[in-house]
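Me: I would like to go through this structure with you, beginning with the ligand. Please have a look at it first.
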Amino acid sequence: PPYRAADDRYGSMEYRRSGRSGVLLPTVSLGLWHNFGDTHPLETQRAVLRRAFDAGITHFDLANNYGPPYGSAEANFGRHFAADFRPYRDELFIATKAGYDMWPGPYGEWGSRKYLLSSLDQSLTRMGLEYVDVFYHHRPDPDTPLEETMGALASAVRQGKALYAGLSNYSPERMAEAAAILRDLGTPLLINQHPYSMLERGIEGGLLERSDEAGAGVIAFSPLAQGLLTDRYLEGVPADSRMAVGHFLRREALTEQRLTMLRSLNTVAEKRGQTLAQLALTWLLRDRRVTSVLIGASSVAQLEQNLAAFGGADFTGEELAEIDRITVE
Ligand code: NDP
């Protein structure tokens, strides 16, 4: 039967304003970096996307090269969009990006206007969309003038191919410079996308603060440290896990010291009546400058566990201090 979104889909999700923009994003967003390439069954993909939207997850995050192979996550999303979500286009906030290697030759990566605008056209074709809601520059390019890259984002907005501009993986200083250029071009920076989790605190060193000053939101990617901050690896490495099958989460990441740390965090979670994944997500969202946590999920069960994270008790100072103590490596 054709998909019909749940009537109560806006009943439980919390939405936060992205910086000083007009846009509200769900506190939990879904990323399609893994689990949506040609290597994953379309039925699982469909089930995860439907469950997400039914739970109020309006924001789906993609990039040109998500897969594998590159482009396939967008193409598969396009299939699901055409089959299930087209009637809900105006309820969805869809992101894509360009910046990393996408096609061969000098125009297929980094930050030129040439690359960004052709990549966006390709992404729109693959997804079967007329526009994306936010178009990101995926990583800073040390060799292209910021004016050119920001000019390309602003052009995408002016051409109606993107509604907002975003930045990912920029340093606080470069982000602030870029945000000033975007503001002058009349397309203020909507959001910064960065890694942030109990294990990856880099953005506490300035990016959170500078985003706030720039009026941009922050969306935290890999909030579960790619699965480390869940029960996935507490008793070994499951054969179907990202660590066993993927290339981005290496076995070296799971040292004895790390495992001890994860077990201690798990104990903190248990004391709070949460799973480790739930602890990891609520810990991030206690900071109001974090607009959304951008999770991945390889099954509906994982998604549901993560969505059940909310509504618990606030963190005590003691709990926060204990988490800091445990995670200092
Ligand atoms: P997470 O840290 O949320 O890791 C997701 C993985 O953790 C899942 O695939 C699954 O692994 C495991 N997992 C999730 N929930 C549970 C659970 N409840 N119990 C057990 N295991 C669980 O995020 P990702 O690293 O996937 O990144 C999320 C999104 O962030 C990406 O899809 C992408 O959109 C964005 N991103 C952006 C980057 C950028 O440069 N801008 C870089 C990286 C990500 P398993 O597969 O083993 O089941």
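Me: How far is an oxygen atom of the ligand from an N or O atom in the side chain of asparagine 169?
Reply: In this predicted model, the distance between that ligand oxygen and an N or O atom of the asparagine 169 side chain is 2.9 Å.
Me: And what are the corresponding distances for aspartate 61 and serine 298?
Reply: For the side chain of aspartate 61, an N or O atom lies 2.6 Å from a ligand oxygen. For the side chain of serine 298, the value is 2.7 Å.
Me: How much of the ligand's accessible area does the protein cover?
Reply: On its own the ligand has 910 Å² of accessible area, and the protein covers 96% of that.
Me: Which elements give two or more residues to the shell around the ligand?
Reply: They are strand S10 (292-295) and helix H10 (300-307). The largest share, 3 residues, comes from H10.
Me: What is the make-up of the shell by class?
Reply: There are 16 polar, 10 nonpolar and 5 charged residues. The ligand is surrounded by 31 residues, and Asp61, Ser222, Arg242, Ser298 and Gln302 are the closest.
Me: Changing topic to helix H3: why does its span agree with expectation?
Reply: Its 15 residues, 113-127, should span 21 Å at 1.5 Å a residue, and the end C-alpha atoms are 21 Å apart, so the two agree.
Me: Which elements do the buried residues of H3 pack against?
Reply: They pack against helices H2 (72-85) and H4 (146-158), and against strands S5 (93-98) and S6 (132-137). Among the buried residues are Leu116, Leu120 and Leu124.
Me: What follows H3?
Reply: Glycine 128 does, with a positive phi near 70°.

Definitions and conventions. Residues numbered from 1 in each chain as written. Predicted model: local features only at pLDDT ≥ 70, side-chain atom pairs only at ≥ 80, totals over all residues. Heavy atoms only, no water. Near = heavy atom within 4 Å. Polar contact = N/O pair within 3.5 Å; in protein donor to acceptor, adjacent residues only side chain to side chain. Areas by Shrake-Rupley, 256 points an atom, 1.4 Å probe, with all protein chains shown as cover. Helix = DSSP H or I, 4+ residues; strand = E, 2+ residues; numbered from the N terminus. Nonpolar A, V, L, I, M, F, W, Y, C, P; charged D, E, K, R; others polar. Expected span 1.5 Å × (residues − 1). Buried < 20%, exposed > 50% of the residue type's maximum accessible area, 1.4 Å probe, protein only. Contact = heavy atoms within 4.5 Å.
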